[in-house]
Amino acid sequence: SVIIPVYNAEKYIKTCITSVLNQTYKNIEVIVVNDGSKDNSEEEILKIKDDRIKYFYKDNSGCGATRNFGIDKARGEFIYFIDSDDYIDKTMIEKLVNSIKDKDSFVGILGFYYDIDGRLKLQKMEEKEHRTLKSPSVCTRMFRKEILDKSGIRFSGLKIGEDLEFVFKVLAFNNHSTYIDEALYYYRLHEESLTHDNNIDRLCILKAIESIEEYLKENKKYEEFKELIE
């Protein structure tokens with residue numbers, strides 16, 4: 001199940017959805033959730049005809065709540081998230097599915113590309129860096145849905161830090177993961193994606209850390225992950 005939360009992404013959503021539909025791995029459902037867009041995103045989405053697309057519209061509630069909506073609608077064995085202005089390599093889903101092991105909470109990739117006005121910049125990291133959540137993005141990971149359902153872990157709705165909070169909690173619940181040494185995700189940088197009030201948004205990271213600490217203490221795993229928290 002590929003979940004795409006959409007908010008005012010009319011310029012990019014066609015490329016995003018097409019990159020998912022063109023995957024070498026065909027047995028997918030594409031859950032597109034329009035989070036109350038005010039532009040022509042819905043019109044662009046409905047132009048794309050494919051039986052694997054499941055389109056939903058909901059009132060605006062933020063990316064986290066929109067991803068949660070997608071998880072609840074998903075029927076696949078695995079969950080993959082992609083942001084509506086980004087796109088993926090055509091082999092990504094197949095490689096993730098083939099690499100995830102029976103007991104893994106997720107499989108991740110050790111690289112991605114920044115797309116800056118059509119110019120690609122490679123960003124890679126070591127497995128150790130990935131394991132210490134230097135890059136906590138959910139878009140570079142595929143999750144086993146059974147783990148999400150058993151744990152009840154969902155996104156909290158923080159502006160910044162919700163990916164860190166989500167991935168850390170999944171790891172704490174099931175500390176098994178696999179990694180692929182390839183760059184298969186294309187993260188598009190543009191004016192809209194860079195407009196954040198950093199002074200306010202960055203404080204959300206502290207809230208994410210507090211939430212993680214609380215979760216670990218409730219589940220008696222704080223000592224196990226104390227060093228990673230620090």
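Two strands pair if DSSP finds at least two bridges between them. Helices (H or I, at least four residues) and strands (E, at least two) are DSSP runs, numbered from the N terminus.

## About the model

This is a predicted model: local features need pLDDT of at least 70, side-chain atom pairs count only at pLDDT 80 or more, and totals for chains, interfaces and linings use all residues. Residues are numbered from 1 along each chain as its sequence is written, and side-chain values use heavy atoms, leaving out hydrogens and water.

Strand β9 covers residues 177-189. Of its 13 residues, 10 are buried, so the rest of the structure largely encloses β9. Buried means under 20% relative accessible area; exposed means over 50%, and partly exposed lies in between (1.4 Å probe, protein chains only).

β9 pairs with β5 in the antiparallel sense, over two bridges. Here isoleucine 88 has tyrosine 185 of β9 as its bridge partner. β9 also pairs with strand β6 (residues 106-116), this time in the parallel sense and over nine bridges.

## Strand β1 and the crossover

Strand β1 spans residues 2-6, and five of its five residues are buried. Val2, Ile4 and Val6 point one way from β1. Ile3 and Pro5 point the other way.

Strand β2 (residues 30-35) runs parallel to β1, joined by five bridges. Isoleucine 4 stands opposite valine 32 of β2. Between the two strands, the chain passes through helix α1 (residues 13-21), and this β-α-β crossover is right-handed. The term means that, with the strands pointing away from the viewer, the path from the first strand over the helix to the second runs clockwise.

β1 has a parallel pairing with β4 as well, over two bridges. There, isoleucine 3 has phenylalanine 81 as its bridge partner.

## Helix α1

Which residues of α1 are buried? They are Ile13, Cys16, Ile17, Ser19, Val20 and Leu21. These residues pack against β1, β2, α2 (41-46), β3 (53-58) and β5 (87-88). Contact here means heavy atoms within 4.5 Å.

## The largest nonpolar core

A nonpolar core is a set of buried Ala, Val, Leu, Ile, Met, Phe, Trp, Tyr and Cys residues joined through side-chain atoms within 4.5 Å. The largest such core has 63 residues. Ile4, Tyr80, Phe143 and Phe166 touch the most other members. Helix α7 (residues 162-173) gives the most to this core, with seven residues. In soluble globular proteins, nonpolar side chains tend to be buried together.

Isoleucine 4 links several regions. Leaving out residues up to four places away in sequence, isoleucine 4 touches Ile13, Cys16, Ile17, Val20, Val30, Ile31, Val32, Val33, Ile82 and Ser84.

## Aromatic rings

The count comes to 13 aromatic pairs. Rings of Phe, Tyr and Trp (its six-membered ring) pair if their centres lie within 6.5 Å; planes under 30 degrees apart count as stacked, over 60 as edge-to-face and the rest as tilted. Phenylalanine 81 and phenylalanine 143 form an edge-to-face pair, 6.1 Å centre to centre with 65° between the planes. Phenylalanine 81 lies in strand β4 (residues 78-81) and phenylalanine 143 in strand β8 (residues 141-144), so this pair ties together parts that are 62 residues apart in sequence. Ring pairs link Phe81, Phe106, Phe143, Phe155, Phe166 and Tyr179 into a cluster.

Two charges sit over rings. The test is NZ of Lys or CZ of Arg within 6 Å of the ring centre and within 35 degrees of the ring normal. Arginine 67 lies over the face of phenylalanine 155, at 4.9 Å from the ring centre. Lysine 217 has its charged end over the ring of tyrosine 222, 5.0 Å from the centre.

## Asparagine 68

Asparagine 68 is in helix α3 (residues 63-73). Is this residue buried or exposed? Asparagine 68 is buried, with a relative accessible area of 14%. Not counting residues up to four places away in sequence, asparagine 68 touches Arg154 and Phe155.

## Two positive phi angles

Most residues other than glycine have a negative phi. Aspartate 117 has a positive phi of about 55°. Aspartate 117 is in the loop between β6 and β7 (119-124), and is exposed at 69% relative accessible area. Leucine 133 also has a positive phi, near 60°. Leucine 133 is in the loop between α5 (127-131) and β8, and is buried at 7% relative accessibility.
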